[in-house]
Number of protein chains: 4
Amino acid sequence: MSVILDLNSDLGEGFGVWQLGDDKALLSIVTSANVACGFHGGDPTIMRRVCAEAISRDVSIGAHVGYRDLAGFGRRAMDIEPDRLADDVLYQLAALDGIARSEGGRVRYVKPHGALYNRTVTDQAQAGAVVAAVAAYDPSLPVLGLPGSQLLRQADEVGLKTVREAFADRGYQSDGSLAKRGSPGAVITDPAVVARRCVKMATTGQVTAVDGGAVGVRARSLCVHGDTPGAVELARQVRTALQDAGVQLGTFT
Amino acid sequence: MSVILDLNSDLGEGFGVWQLGDDKALLSIVTSANVACGFHGGDPTIMRRVCAEAISRDVSIGAHVGYRDLAGFGRRAMDIEPDRLADDVLYQLAALDGIARSEGGRVRYVKPHGALYNRTVTDQAQAGAVVAAVAAYDPSLPVLGLPGSQLLRQADEVGLKTVREAFADRGYQSDGSLAKRGSPGAVITDPAVVARRCVKMATTGQVTAVDGGAVGVRARSLCVHGDTPGAVELARQVRTALQDAGVQLGTFT
Amino acid sequence: MSVILDLNSDLGEGFGVWQLGDDKALLSIVTSANVACGFHGGDPTIMRRVCAEAISRDVSIGAHVGYRDLAGFGRRAMDIEPDRLADDVLYQLAALDGIARSEGGRVRYVKPHGALYNRTVTDQAQAGAVVAAVAAYDPSLPVLGLPGSQLLRQADEVGLKTVREAFADRGYQSDGSLAKRGSPGAVITDPAVVARRCVKMATTGQVTAVDGGAVGVRARSLCVHGDTPGAVELARQVRTALQDAGVQLGTFT
Amino acid sequence: MSVILDLNSDLGEGFGVWQLGDDKALLSIVTSANVACGFHGGDPTIMRRVCAEAISRDVSIGAHVGYRDLAGFGRRAMDIEPDRLADDVLYQLAALDGIARSEGGRVRYVKPHGALYNRTVTDQAQAGAVVAAVAAYDPSLPVLGLPGSQLLRQADEVGLKTVREAFADRGYQSDGSLAKRGSPGAVITDPAVVARRCVKMATTGQVTAVDGGAVGVRARSLCVHGDTPGAVELARQVRTALQDAGVQLGTFT
């Protein structure tokens, strides 16, 4: 039985004259594109271009929704009221979906960005707000997130499809949680090691934890980064290694 | 044969803690609500509330699209590239439509706001950008605007339905154009006079121009303002006078 | 020996076309104006007008610095890195001071706004960032804040002058802390009661706590609100009651 | 008699996570840094870093003031009321000056950015607004701009010092105006040619116009760009060629 794995990455993260990452290169690597929707990054023109390119390459478009914080790129947790957060998510999701539709595609999933991603791992109210917005907009849209997170738990509870993701270059603790950034082994930079770990995850559902033991990491999607030239190259190597190992790459939608 | 006239007004023009106009009062008066989409005013929460209220009162929701200029409320003309403008309009339109749909309705027309409204009367490129965005999003959506404007001309050329509007409280020149703000008779403030003129427009298709002659003003929709308590009261009197004169009020969608 | 008390209030909290509160009315009541600096509210034109009016009335101008969050009016706590927060505060403070100087005055103190005010009561890093910005800009500027707060403690440690404030309409617990919003007695709305409490605070340094006992509240400045017509009227009554009780009103700068 | 020429370039044009140009490299080349002030680009942290680096290298700091338009990088002309524009300029200028002072320097001149630069060449009202803001803030600050522009003319009229600039890589018409972008010879890209022209301008006050004749271009400052790696290299070659030709490089302040 062949394994199918999705590769997702963040795209369209520029704003106006400013660029971040190499969207074109990443779209030749991933199967799912988390497209910024204008609140933490992205603008209508960038969104349209990324959607058009993603559609032409048959890459699945996801709404990468974030806090309204261009100055901080959505990386600063905010104590926003859940109702307002739900409205902000709905707005972003609808805007991207309309742009995708005008290019002949549509949004196929939702993933929170940055601090909102981290916050909704444990914050019930904010996780519930994201889930409510997705359910209000289109209850057939899956939510992509961290296994065990409040986000996926609540999405599941209201009947949304959930998709579990793993991280290509992050270290895991023995309980399956991510090793905290800054701790030893939290981020792995050697492309060969990263590629090998990704193949192991995909084919065995396990990865070596920071304490040396094996830990189960079952994920339908693998997140790769692309905000530096090195990151794009690493993503390409991960893709090649997975294909060489017989892992079939394909979106979950 | 009875005359049917639409009453439209700008709504949802607050932002965050700030309010502008009395949305609830206006929604009890108009048949079409031009809802700000977040670029010159409006935010996702305000948009949702106005949509919900409009739907419950059977008021038609229009996308009031504007320049990205919260600080200037979209009242300052901008030399924006047409392609970027089209993307900005598409984004706003899609965002509002998604919010309206999540509340059980949908966007039923598009009207430019403020400086974009004025600019697209004569600016071919910007008018074309607005038209292109509407056509790309949903070619069944009508465009509401000034008779004779580039906006309506180009909308018509690409096959979009166009809706002509007149202004309840503005003076007209003998050629049917609006008297320039600041010139004598450009803005009429006496509610009785305004109401009488609106009835005349609706029933005869004519209004007294600033030079005293009669001028034809054929419009399917009448724009009333609501950003001051006095304006709301004036709008109410216009509505009452029209109904008393046997004019049927109803949206064009 | 006569008591001197400062009355401070938040001013200039509009943005663009949007207004909040009655700046003119408040400037006839208070002795210190906390002027929004453009990040959570306020814009350059509003700032200049409020500064001009404050100077003409001999009201002291303070920089009311906040999170960069127009959509949330600076009322949502943000996990911003201290270094960036310090830069944001410095920017706001400098902008307001330059505007005040161009009108013939200058900024005479600093007070954090909204969520930043609340956060810096206990958050060492963010309190330190605000203090660092003030010290870097002008170490002779006092910081206005809550007695016992991290903000005042750290300001004091680096040699900044600190000014303690009390709240006219808030209930106090027996330990001198504010009763939590939503709890019984947390906000007092009867103008007569508020005025009486303010006179008692000013003349005895004590106020009746929510549990009925007396609690010491020694403050050099009293904060009154003005964002509603009722609040302005309440502030006026507080001023009158204090003057009738022989309390001299005057700024601390 | 030795010629002294200033080299100016735009710096600090990133925003949040986004970067534009190589600030460090440019600061090793130019003698004056036009620092973005947060309205079209730049943020408080970038402003502080650029100021610190400029001060350490003895590069003169100028306020590069622009329209409030992050999405368009200040490159889109706006019909902003002159009074509001003056306030926006004052705010930006004051903010940068405060940051520069906190780092031990100060703003030494003002230059409009992008569309505001172009607009104030001919627009009397907007040129007057920029001039009014500079005069209100500090009448000893020079204004850097295009010879013959409304900006310099009005600055001169109110007694501000004016500094004329030329462009290293732009073609000139026989009347001394810039060749319109898009026309033949409007932008010169060959580094050797650019360097030779700059030396000729600096030493003879003349340059070859697009029609082949000689045209007088007397400027105290030469503008070089740095928003691409190639541009930085070109700027470096211009500097070297000028120095090799015995032109002394030095700021005008």
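Hi everyone, let's start with a count: across the interface of chain B and chain A, the rule finds four salt bridges. By salt bridge I mean a side-chain nitrogen of Lys or Arg within 4 Å of a carboxyl oxygen of Asp or Glu. One of the pairs to look at is B:Arg84 with A:Asp43, whose side chains meet in a salt bridge at 3.1 Å, N to O.

Before going on, some housekeeping. This is a predicted model, where local features need pLDDT of at least 70 and side-chain atom pairs count only at pLDDT 80 or more, while totals for chains, interfaces and linings use all residues. Residues are numbered from 1 along each chain as its sequence is written, chains are lettered from A and ligands numbered from 1 in the order in which they are written, and side-chain values use heavy atoms, with hydrogens and water left out.

Back to chain B and chain A. The rule also finds eight residue pairs in polar contact across this interface, both residues at pLDDT 80 or more. A polar contact is a pair of N or O atoms within 3.5 Å; within protein, one must be able to donate a hydrogen and the other to accept it, and residues adjacent in sequence count only if both atoms are side-chain atoms.

Which elements of chain B give two or more residues to the side that touches chain A? They are helix H2 (44-56), helix H3 (82-102) and helix H5 (124-137) of chain B. Helices (H or I, at least four residues) and strands (E, at least two) are DSSP runs, numbered from the N terminus. H3(B) gives the most, with ten residues. By type, the side of chain B that touches chain A divides into twelve nonpolar, five polar and six charged residues. Here Ala, Val, Leu, Ile, Met, Phe, Trp, Tyr, Cys and Pro count as nonpolar, Asp, Glu, Lys and Arg as charged, and the others, Gly among them, as polar.

In contact terms (heavy atoms within 4.5 Å), 23 residues of chain B meet 23 residues of chain A. How much area do chain B and chain A bury between them? The value is about 1900 Å², with 58% of it on carbon and sulfur atoms. Buried area is the accessible area (1.4 Å probe) that two parts lose on being put together, summed over both. B:Pro44, B:Asp87 and B:Tyr91 supply 33% of the area that chain B buries against chain A, more than any other three residues.

Now to chain C and chain D. Here 23 residues of chain C are in contact with 23 residues of chain D, and the two chains bury about 1900 Å² between them, 58% of it on carbon and sulfur atoms. C:Pro44, C:Asp87 and C:Tyr91 supply 33% of what chain C buries against chain D, more than any other three residues. Four salt bridges turn up across this interface by the rule, and in one of them D:Asp43 meets C:Arg84 at 3.1 Å, N to O.

Let's stay in chain D and look at H5(D).

At the start of H5(D), a side-chain oxygen of D:Asp123 reaches to within 3.0 Å of the backbone nitrogen of D:Ala125. D:Asp123 also forms a salt bridge with D:Arg119, at 2.9 Å, N to O. Is D:Asp123 buried or exposed? At 17% relative accessibility, D:Asp123 counts as buried.

Another pair in chain D is D:Glu53 with D:Arg57, whose closest N and O atoms are 3.1 Å apart. D:Glu53, at 17% relative accessibility, counts as buried, whereas D:Arg57, at 38%, counts as partly exposed. In chain A, salt bridges that share partners join A:Lys24, A:Glu53 and A:Arg57 into one network.

Last, the whole structure: it holds 44 salt bridges over all chains. One of them joins A:Glu103 and A:Arg48, with 3.6 Å between the closest N and O atoms. This pair links distant parts of the chain, 55 residues apart: A:Glu103 sits in the loop between helix H3 (82-102) and strand S4 (107-112) of chain A, and A:Arg48 in helix H2 (44-56) of chain A. A:Glu103 is partly exposed at 27% relative accessibility, and A:Arg48 is partly exposed at 21%.

Key:
Buried < 20%, exposed > 50% of the residue type's maximum accessible area, 1.4 Å probe, protein only.
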